[in-house]
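Here is a short note for a colleague who has not seen this structure before. Please read the points with the model open.

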Amino acid sequence: MHRPTGPAQPQLLSLLRTAKNPLEYLTQNDWALITDRAKRLTFKKDEKLVSQGKQTRVLYVLAAGRVSIALSETRIAQIGPGEICGEMAFLEDSVASATATAEEEVEVYALEWSILQDLFELFPHLASRFYRSVTV
């Protein structure tokens, strides 16, 4: 099982400044709001972050390591630091369309859907930038 590794904000903000960032339309203030509520977790090699057909209700931003994305046990992609997984289920308020498995020890920042939704209600412009980033 995954284990917490400490506060998220400074490390995630640093990562997003230097890594490929799929949430490119978010501002530094947006990230400060989000990362303040993120949990830093570690997954061991071969642990599943997301399982196809299940609803985890968490979106993950990778900080370190590589994750394999598989559809019906066929690898379709690999993601790394600065990239996200779990966003499709979040967008559709549904179950995961693919399985995300740690290929090595992976450090992530976990964002619960309910926290994101609360932030979006408080800050509609944050929601707009987030959705624009994820759907591009």
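**Notes on the model**

1. The accessible surface of the protein is about 7200 Å², and 49% of that belongs to carbon and sulfur atoms. Areas come from the Shrake-Rupley method with a 1.4 Å probe, and for residues only the protein chains shown count as cover.

2. This is a predicted model, in which local features need pLDDT of at least 70 and side-chain atom pairs pLDDT 80 or more, while totals for chains, interfaces and linings use all residues. Residues are numbered from 1 along each chain as its sequence is written, and side-chain values use heavy atoms, without hydrogens and water.

3. The protein has five helices and nine strands (DSSP runs of H or I, at least four residues, and of E, at least two, numbered from the N terminus). Of its 136 residues, 44% are buried (under 20% relative accessible area, 1.4 Å probe, protein chains only).

4. Strand β9 (residues 106–112) has five of its seven residues buried. β9 pairs with β2 in the antiparallel sense over five bridges (pairing requires at least two DSSP bridges), and Lys 39 has Ala 110 in β9 as its bridge partner. Strand β4 (residues 58–64) also runs antiparallel to β9, joined by six bridges; there, Val 61 is partnered with Tyr 109 of β9.

5. Glu 47 sits in the loop between β2 (39–43) and β3 (48–50). Glu 47 is buried without a salt bridge, and the nearest side chain of opposite charge, Lys 44, is 6.2 Å away. A salt bridge would need a side-chain nitrogen of Lys or Arg within 4 Å of a carboxyl oxygen of Asp or Glu. The backbone nitrogen of Lys 44, however, lies 2.5 Å from a polar side-chain atom of Glu 47.

Terms used. Buried < 20%, exposed > 50% of the residue type's maximum accessible area, 1.4 Å probe, protein only. Lys, Arg positive; Asp, Glu negative; His and termini not counted. Polar contact = N/O pair within 3.5 Å; in protein donor to acceptor, adjacent residues only side chain to side chain.
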